[in-house]
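Take a look at the protein shown here.

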Amino acid sequence: MNIQAKNQQGFTLIELMIVVAIIGILAAIAIPAYQDYTVRAKVSEAVVFASEAKASVSEFYATSGQMPADTSEAAIEKTATQLAANKNVSSVTYANISTTEGRINVAIKDLGGDAASGEIISFVGTGSSSGITWVCGGDSTTTLEAKYRPSNCR
């Protein structure tokens, strides 16, 4: 009597469980990293709002030789309609620090992750004879976590 062994085909239960475990570990690492990435992408819109405000403040400084006194003099007021239509930015304000320094604060809406509504990314401008030099996230008014800010704002 000749008995031939049957070749095994397919995967064993152990092999399938190992594959599922590996996929679970990769997902546990990838999902938070992806979430941080999407928040950073949304924060980039706040930086665009700030660049419009920086241009306006820089123009004021170039023509008058000093920083604007307030948000309306800086001409950076966004209308309620513009801000309501925006999904990521809740306000853009300006504060005069001195005749040669000013701060633009951009408050974000809830972007997910740890980036809560109302957190701020600030841009501090220092004026000189050659114009204004802007530093992103360079003072204590910035409350947005560094991991969500652009690389030049950390």
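## An exposed alanine

Ala-75 has a relative accessibility of 56%, so Ala-75 counts as exposed, the cut-off being over 50%. The model is a predicted one. Ala-75 sits in the loop between helix H2 (71-74) and H3.

The backbone here deserves a look. Phi of Ala-75 is near 60 degrees, which is a positive value in a residue other than glycine. Most residues other than glycine have a negative phi.

## The serine beside the loop

Which residues does Ser-56 contact, leaving aside its neighbours within four places in sequence? They are Ala-74, Ala-75 and Ile-76. Ser-56 itself belongs to helix H1.

Buried or exposed? Ser-56 counts as buried, because its relative accessibility is 17% and buried means under 20%. A polar atom of the Ser-56 side chain lies 2.4 Å from the backbone oxygen of Ala-74.

## Overall shape

The protein has three helices and four strands. Along the sequence they follow the pattern α-α-α-β-β-β-β. The radius of gyration is 26 Å, well over the 15 Å that the globule rule gives for 154 residues, so the protein is more spread out than a compact globule. The C-alpha trace spans about 105 × 35 × 20 Å along its principal axes.

What share of the 154 residues counts as buried? The figure is 31%. The protein exposes about 9,500 Å², and carbon and sulfur atoms supply 58% of that area. Residues 24 or more positions apart account for 47% of them.

## A salt bridge

The structure holds one salt bridge. Its partners are Asp-36 and Lys-147, with the closest N and O atoms 4.0 Å apart. Asp-36 lies in helix H1, while Lys-147 lies in the segment after strand E4 (131-136), so the pair ties together parts that are 111 residues apart in sequence.

How exposed are the two partners? Asp-36 has a relative accessibility of 18%, so Asp-36 counts as buried. Lys-147 is partly exposed, because its relative accessible area is 33%, between the 20% and 50% cut-offs.

## A nonpolar surface patch

Some nonpolar residues lie on the surface. Leu-13, Ile-14, Met-17, Ile-18, Ile-22 and Leu-26 form a nonpolar patch there. Together they have about 640 Å² of accessible area.

Leu-13 is one of these residues. Leu-13 is found in helix H1, which covers residues 13-64. With a relative accessible area of 61%, Leu-13 is exposed.

## A buried asparagine in a loop

Where is Asn-86? Asn-86 lies in the loop between helix H3 (80-85) and strand E1 (89-96). Asn-86 counts as buried, because its relative accessibility is 7%, and the cut-off for buried is under 20%.

The side chain of Asn-86 reaches the backbone nitrogen of Asn-88 at 2.7 Å. Leaving aside neighbours within four places, Asn-86 is in contact with Glu-45, Phe-49 and Lys-109.

Notes
Residues are numbered from 1 along each chain as its sequence is written. This is a predicted model: local features need pLDDT of at least 70, side-chain atom pairs count only at pLDDT 80 or more; totals for chains, interfaces and linings use all residues. Side-chain values use heavy atoms; hydrogens and water are left out. Helices (H or I, at least four residues) and strands (E, at least two) are DSSP runs, numbered from the N terminus. Buried means under 20% relative accessible area, exposed over 50%, partly exposed in between (1.4 Å probe, protein chains only). A polar contact is a pair of N or O atoms within 3.5 Å; within protein, one must be able to donate a hydrogen and the other to accept it, and residues adjacent in sequence count only if both atoms are side-chain atoms. Contact means heavy atoms within 4.5 Å. Patches are made of residues with over 30% relative accessible area and no salt bridge: like charges are joined within 9 Å, nonpolar side chains (Val, Leu, Ile, Met, Phe, Trp, Tyr) within 5 Å. Accessible areas come from the Shrake-Rupley method with a 1.4 Å probe; for residues, only the protein chains shown count as cover. A salt bridge is a side-chain nitrogen of Lys or Arg within 4 Å of a carboxyl oxygen of Asp or Glu. The radius of gyration is taken over C-alpha atoms; the globule rule is 2.2 Å times the number of residues to the power 0.38.
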